[in-house]
Amino acid sequence: MTVPTLGKDLVGLEHLSAGQIQLILDTAEPFKEVSERPIKKVPALRGKTIVNLFFESSTRTRISFEFAEKRLSADTVNVAASGSSVSKGETLVDTARNLEAMRIDMVVIRHHSSGAAQFLGDRIRSNVINAGDGKHEHPTQGLLDMLTLRDHFKKLAGLKVAICGDVLHSRVARSNIWGLLKLGAEVAVCGPPTLLPRGVEQLGVTVLPRIEDAIQWADALNILRLQLERMEAGFIPSLREYNRVFGVTSDRLARAPKDLLILHPGPMNRGVEIDSDVADGPHSVILPQVTNGVAVRMAVLYLLAGGAPDWVSGSGGEER
Ligand code: CP
């Protein structure tokens, strides 16, 4: 059997095959253990130079990529828009070409424009990894969500996952939809009509109009952040109203036919899309998602650098 490869860049899950997604998830498994070691390091990317180019705020993704890179022994540099010549008007491509002139190997990019990662990947030789581009995709978030679901349910095929909230503005939703459907899960979206993309059902998802419907239907809820910075546009009447109608509360979950696994990509608006007793409750895997983020990102970096999936059985995975 031929083992799939990832190609040069990871821009999204839309154009990956089920085999490629499976490969990343399976490669992440042995990397989980590296983060549990007293010395959290393997030499897999020794000698590689990686630039983390973050043009938008990030806590989890930026730090998680940096940990993943350091745990693989890569050399890393972080570049933010403020403090770099981007703030003087330098273009994305010029910035990246100047970095390449310093002989880098990979770029991890977060950008406010949908398509920025693809645009860059088409123009530079280095591997490009999308760490979230506008409303397009956030592939490593989708992958870590899938790994967390697989950890809990042991399989993704046939699993019912409801993605709840501000789907319209969510790159996380898109990556989850593409990835989960490819691996055979059933996906529903639930939110106010103003926060659901028009024609979303054409992606192959079910639309559930009420949060109570999602809670009745699903095995797991992936609760999206209400993107408060966009709410002045009048997508919802008020935050209180949103919480009253769509908030995931313990009272609502108590009426579910089974215990639902609770995911949230973060950052959370406690008391808006999710109540604290749910976020911190026994069925929440919000922090395990963050832990899995490091392993997934190690897997992506490793595979794009040309690593073999069976690394753990060879000497390449051991620190010497
Ligand atoms: N989930 C996520 O992308 O979080 P950050 O914006 O903090 O990276």
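Let's start with F31. This residue is buried, with a relative accessible area of 0%. Keep in mind that we are looking at a predicted model.

What does F31 pair with? F31 and Y302 form an aromatic pair. In general, such a pair is described by the distance of the centres and the angle of the planes. Now look at where the partners sit. F31 belongs to helix α1, residues 18-34, and Y302 to helix α11, so the pair ties together parts that are 271 residues apart in sequence. Y302 has 9% relative accessibility, and under 20% counts as buried.

The structure holds two aromatic pairs. The other joins Y242 and F246. This one is stacked, with 5.7 Å centre to centre and 25° between the planes. Both residues lie in helix α8, residues 239-246. They are four residues apart, so about one helical turn separates them. Y242 is buried at 4% relative accessibility. F246 is buried too, at 11%.

Next, the cores. In soluble globular proteins, nonpolar side chains tend to be buried together. The largest nonpolar core here has 59 residues. F31, L143, L149 and L301 touch the most other members. Which helix gives the most to this core? Helix α11, residues 286-304, with ten residues. A second, separate core has 26 residues, including A218, L226, Y242 and I274.

Last, two charges over rings. R71 lies over the face of F67, 4.7 Å from the ring centre. The charged end of R123 sits over the ring of F119, at 3.8 Å from its centre.

How values were computed:
Residues numbered from 1 in each chain as written. Predicted model: local features only at pLDDT ≥ 70, side-chain atom pairs only at ≥ 80, totals over all residues. Heavy atoms only, no water. Core = buried A, V, L, I, M, F, W, Y, C linked by side-chain atoms within 4.5 Å. Buried < 20%, exposed > 50% of the residue type's maximum accessible area, 1.4 Å probe, protein only. Helix = DSSP H or I, 4+ residues; strand = E, 2+ residues; numbered from the N terminus. Phe/Tyr/Trp six-rings, centres within 6.5 Å; stacked < 30°, edge-to-face > 60°. Lys NZ or Arg CZ within 6 Å of the ring centre and 35° of its normal.
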